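Here is a short briefing on how the inside of a protein is packed. Look over the sequence and the structure, then read on.

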Amino acid sequence: MLNSDTVLFAVLGNPVSHSLSPVMHNTALSEVGYNGVYHAFKVKDIGEAVSGIKALGIRGVSITIPHKISVIEFLDELDDTAEKIGAVNTVINRHGVLTGYNSDCLGAIKAILEKTAIKDKNVVIIGAGGAARAIGFGIISQGGRITILNRTAAKGERLARHLGAEFQPISNLKKTGCQILINTTPVGMIPDTNVMPVQREDLDKTMVVMDVVYNPLKTRLLREAENIGCRTVNGVSMFVYQGAFQFELWTGKRAPVEVMKKAVLNALGKGDERR
Ligand code: NAP
């Protein structure tokens, strides 16, 4: 029941109409009996929206595309990880002081560690955008060795330099000695679900293969990897774990992870039916 004590949370992005954060967080709030509500705001001007967080006393927000970098200049503080990554996807409002965090990094690492250790492993990241940056930082902090593969060489080389990693063209996957392969590009996402970011022949059954894309849940990359016997990590695990971190930061309560995952999977199932 909403009342005058209800605490407001939100996601700020553009577009946001397909975001699964509202269903995940509202389910979690209701599950733990927290008097809060989570809303999606389509935001063009992130500076004005951040003023609104303070003015309205919004307790916590998720930041999504295209504002993860541009939001930083409007915040009061950054935690160490967000500062090193240079991107924020989580903000908490502590009595008018706004602090930025990066839960994409934490969520991805938690999802990978469920399936494999990272220390001393050869990790190949496909892509060089915001997700690659956040995950790359997490891999380095866990003691993994990274090779970046990217369509645009200049961008891939820049990220590789930033992480102290190597850069290779995507066609060189076989030469990297890859043990953990992570797709951070949107390749394979609906509606183009029949494509994958690497050649099927370049996959090896010894690899652990992760895809950050979660719609569809099983991308072509994950299907092909499973078919040859690879262990896989899907994008929903990362999404739910990054959301669980946000929930615990904002509410101080333990996140009901299984309930959150179920809510996201149900929402994805309904999405599939609509198509
Ligand atoms: P971004 O900053 O725009 O970067 C996208 C990267 O993908 C770039 O390196 C780009 O290569 C590459 N790319 C795009 N289209 C490509 C194509 N057709 N072929 C080859 N490479 C292509 O995006 P982002 O913020 O990193 O997000 C990437 C994906 O991660 C999105 O699908 C997003 O939804 C997903 N994501 C998932 C989670 C989760 O919790 N599961 C969290 C964050 C993000 P160029 O450099 O050549 O342009």
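A nonpolar core is a set of buried Ala, Val, Leu, Ile, Met, Phe, Trp, Tyr and Cys residues joined through side-chain atoms within 4.5 Å. Buried means under 20% relative accessible area, exposed over 50%, and partly exposed in between (1.4 Å probe, protein chains only). This is a predicted model: local features need pLDDT of at least 70, side-chain atom pairs count only at pLDDT 80 or more, and totals for chains, interfaces and linings use all residues. Residues are numbered from 1 along each chain as its sequence is written, and side-chain values use heavy atoms, with hydrogens and water left out.

**Nonpolar cores**
- The largest nonpolar core has 25 residues. Ile125, Ile135, Ile139, Ile148, Ile182 and Met210 touch the most other members.
- Several helices and strands (DSSP runs: H or I of at least four residues, E of at least two, numbered from the N terminus) each supply at least two residues of this core, including α5 (130–141) and β7 (122–126).
- The most comes from α4, with 4 residues.
- Another core lies apart from it, with 22 residues, among them Val16, Tyr34, Tyr38 and Ile92.

**Contacts of Ile135**
- Leaving out residues up to four places away in sequence, Ile135 touches Ala108, Ile109, Ile125, Ile182, Thr184, Val212 and Met238. Contact means heavy atoms within 4.5 Å.

**Cysteines**
- The whole structure holds 0 disulfides (pairs of cysteine sulfur atoms within 2.5 Å).
- The sulfur of Cys178 has its closest cysteine sulfur in Cys230, 9.1 Å away, so the two are too far apart for a bond.
- Cys178 is buried, at 8% relative accessible area.
- Cys230 is buried too, at 7%.
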